[in-house]
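This report goes through selected local features of one structure. The sequence and model are shown first.

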Amino acid sequence: RTKELGLSHFAVTDQGFLGSVLKTYHMAKKKDIKIIAGMEIYFKDPNCDILRGTEADKCKYFQLFIHCLDQPAYQKLVKLASKDRPVPLILNEQEYPLFTWEDLEELSKFNVTVTTSGVNCLVGKQFLLGRGDLGLKIVDKLIKLFGHENLYLSIIPNKYTHYWDAIVTATLGYDKIEMPAN
């Protein structure tokens, strides 16, 4: 379908590992399509200066999406995903590596994009916990690490107890972020 649309690149995002990326790479290469390799990472940092001692400390994990824009970035992500970690995340009987701020700092030196999205994302989950202030602090930290051009925010706090009827605009000094009011 990528070829039919006249596109030259295809983004593939693997969950917790990069096993599907290689298979996709070989399939795309046959069609002369380049892939943008990505991984949905699980994040939990017991030393996080923003979340330590807050409601978020009780959360098992958070998610971010990392996409590599070149080979050195991909190799770094593979290395970090393969790193021996003291406490893995276990979801549905599968073990996943838990990334930390230290890992994100290492990745920030490479050509990657970071995207927040979903109910378990590192930013959005703070809003579900009633702590939007923490979400904004995390956004600031992510911007300092990855810059505006490599950070994509999608705040989706999926709490469906009622429909939202107002919009709150938060201005962070560079762009506007619009989110539903609680």
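## Asn 150 and its surroundings

Apart from neighbours within four places in sequence, Asn 150 contacts Val 112, Thr 113 and Val 114, where contact means heavy atoms within 4.5 Å. The residue is located in the loop that runs between helix H5 (132-146) and strand S8 (151-153); helices (H or I, at least four residues) and strands (E, at least two) are DSSP runs numbered from the N terminus. With a relative accessible area of 18%, Asn 150 is buried. Buried stands for under 20% relative accessible area, exposed for over 50%, and partly exposed for values in between (1.4 Å probe, protein chains only).

## Basis of the values

The model is predicted, and local features need pLDDT of at least 70, side-chain atom pairs count only at pLDDT 80 or more, and totals for chains, interfaces and linings use all residues. Residues are numbered from 1 along each chain as its sequence is written, and side-chain values use heavy atoms, with hydrogens and water left out.

## Phe 110

Phe 110 belongs to the loop between H3 and strand S7 (112-116). Its relative accessibility of 28% makes Phe 110 partly exposed. Neighbours within four places in sequence aside, Phe 110 is in contact with Pro 72, Ala 73 and Lys 76. For Phe 110 and Lys 76, the C-alpha atoms are 7.9 Å apart in space, while the residues are 34 apart in sequence.

## Salt bridges

There are seven salt bridges in the structure, each a side-chain nitrogen of Lys or Arg within 4 Å of a carboxyl oxygen of Asp or Glu. One of them joins Asp 103 and Arg 85, at 2.7 Å from N to O. Asp 103 lies in helix H3 (residues 101-107) and Arg 85 in the loop between helix H2 (71-82) and strand S4 (89-91), so this pair ties together parts that are 18 residues apart in sequence. Asp 103 is buried at a relative accessible area of 0%, and Arg 85 is also buried, at 15%.

Another salt bridge links Arg 1 and Glu 4, whose closest N and O atoms are 3.1 Å apart; both residues are exposed. Between Asp 133 and Arg 131, the closest N and O atoms of the salt bridge are 2.8 Å apart. Shared partners join Glu 55, Arg 131 and Asp 133 into one network of salt bridges. Within it, Asp 133 is partly exposed at 37% relative accessibility, and Arg 131 is partly exposed at 23%.

## Cysteines

A disulfide is a covalent bond between the sulfur atoms of two cysteines. Taken as a pair of cysteine sulfur atoms within 2.5 Å, the count of disulfides is zero. Cys 48 is buried, with 1% relative accessibility, and Cys 59 is buried, with a relative accessible area of 11%.

## Aromatic rings and charges

Four aromatic pairs are found in the whole structure. Rings of Phe, Tyr and Trp (its six-membered ring) pair if their centres lie within 6.5 Å; planes under 30 degrees apart count as stacked, over 60 as edge-to-face and the rest as tilted. Phe 43 and Trp 101 form an edge-to-face pair, with 5.2 Å from centre to centre and 75 degrees between the planes. This pair links distant parts of the chain, since Phe 43 is in strand S2 (residues 34-43) and Trp 101 in helix H3, 58 residues apart. Phe 43 is buried at 1% relative accessibility, as is Trp 101 at 3%.

Phe 17, Tyr 42, Tyr 61 and Tyr 96 make up one aromatic cluster. Lys 125 lies over the face of Tyr 61, 5.2 Å from the ring centre, and the charged end of Lys 141 sits over the ring of Trp 101, at 4.3 Å from its centre. A charge sits over a ring if NZ of Lys or CZ of Arg is within 6 Å of the ring centre and within 35 degrees of the ring normal.

## Helix H1

Val 21, Thr 24 and Ala 28 are buried in helix H1 (residues 19-30). Seen down the axis of H1, the buried residues fall within an arc of 70 degrees, so they line one face of the helix; the arc is that of the directions from the helix axis to the C-beta atoms. Their cover includes strand S1 (9-15), S2 and H2. Gly 19, Lys 23, Lys 29 and Lys 30 are exposed on the other side of H1. Just after H1, Asp 32 has a positive phi of about 60 degrees.
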